[in-house]
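This note sets out some points on helix packing and on a pocket. Please read them alongside the model.

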Amino acid sequence: MCEYCGCQSVAAIDELTREHDLVVNMIGDVRAAHIAGDVDRMAAVARRISAVLGPHTEVEEHGLFPLLADDFPDHVAALEQEHRRIEQVLGAAATATPHDAAWPRQLIEILDLLRDHILKEQDGVFPAALTTLSGEDWDRVDAVRARVTSATGGGSR
C-alpha cells in the first residue's frame, strides 16, 4: 500500500495501514473461497475481517476522522457511510453463514467497495492527516487506539 508520502512514520497511521494490509489479504481469501463455492469459508473470513475492522473503524471514527472533519466534511461523511454499508454486509455473517443465496455476491461487491475505500484512506486521508494534524492531535488518535486495544484485550495482530 501507500509508502510514498512517509505517513507510515506516524505510529497511528502505520497501525491503520497494517490493518488495511491484513484486510486486503483476507479479501483475497474470500475471493478464493467464492471461486471454490465455499460459502461457509467466505462467512468465516468475513468474521475475521470484521474482527480487524471493528477496532480499526473505531480508531478512525473516534480518533482520526473528527480531527479532519472540519477541513474535509464531505469526505469524512462519505467514508463513514461506506463503513456502515461494509459493516451491514459483513454483519450478516456475524454468528453463522447467511442463508440468503444473494449474500455471497453481496459480500464480493462490498469487498470491492472496501478495497476502494482502503485506497481512499491510504492515498487521501492518511497523507492529508500527515500534513494537517498536530502532535496533540496524534496523541488523541493514540489515546483512542489505547482505549480500543484495552477494551478488546489486544490489537488485531
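1. The largest pocket holds about 190 Å³ of space. A pocket here is an open set of points on a 1 Å grid over the protein atoms alone, where a 1.4 Å probe fits, with protein on both sides within 12 Å along at least five of seven lines. Grid points are joined across faces, edges and corners, and the volume is the space filled by probe spheres set on the points.

2. This is a predicted model, in which local features need pLDDT of at least 70 and side-chain atom pairs count only at pLDDT 80 or more, while totals for chains, interfaces and linings use all residues. Residues are numbered from 1 along each chain as its sequence is written, and side-chain values use heavy atoms, leaving out hydrogens and water.

3. The lining of the largest pocket (residues with an atom within 4 Å of a point) consists of Leu68, Phe72, His75, Val76, Ala78, Leu79, Lys120, Gly124, Val125 and Ala128. Helices α3 (73–91) and α4 each supply at least two of the lining residues; helices are DSSP runs of H or I, at least four residues, numbered from the N terminus. By class, the lining has 7 nonpolar, 2 polar and 1 charged residues. Ala, Val, Leu, Ile, Met, Phe, Trp, Tyr, Cys and Pro count as nonpolar, Asp, Glu, Lys and Arg as charged, and the others, Gly among them, as polar.

4. Axes are lines fitted to C-alpha atoms over the stretch in contact, with angles from 0 to 180 degrees between N-to-C directions.

5. Helices α2 and α3 pack at about 160 degrees with axes 11 Å apart, an arrangement that makes them roughly antiparallel. Leu68 of α2 and both Val76 and Leu79 of α3 take part in this contact, and these three residues also line the largest pocket.

Technical notes:
Angles under 35 degrees count as roughly parallel, over 145 as roughly antiparallel, 65 to 115 as roughly perpendicular and the rest as oblique. Contact means heavy atoms within 4.5 Å.
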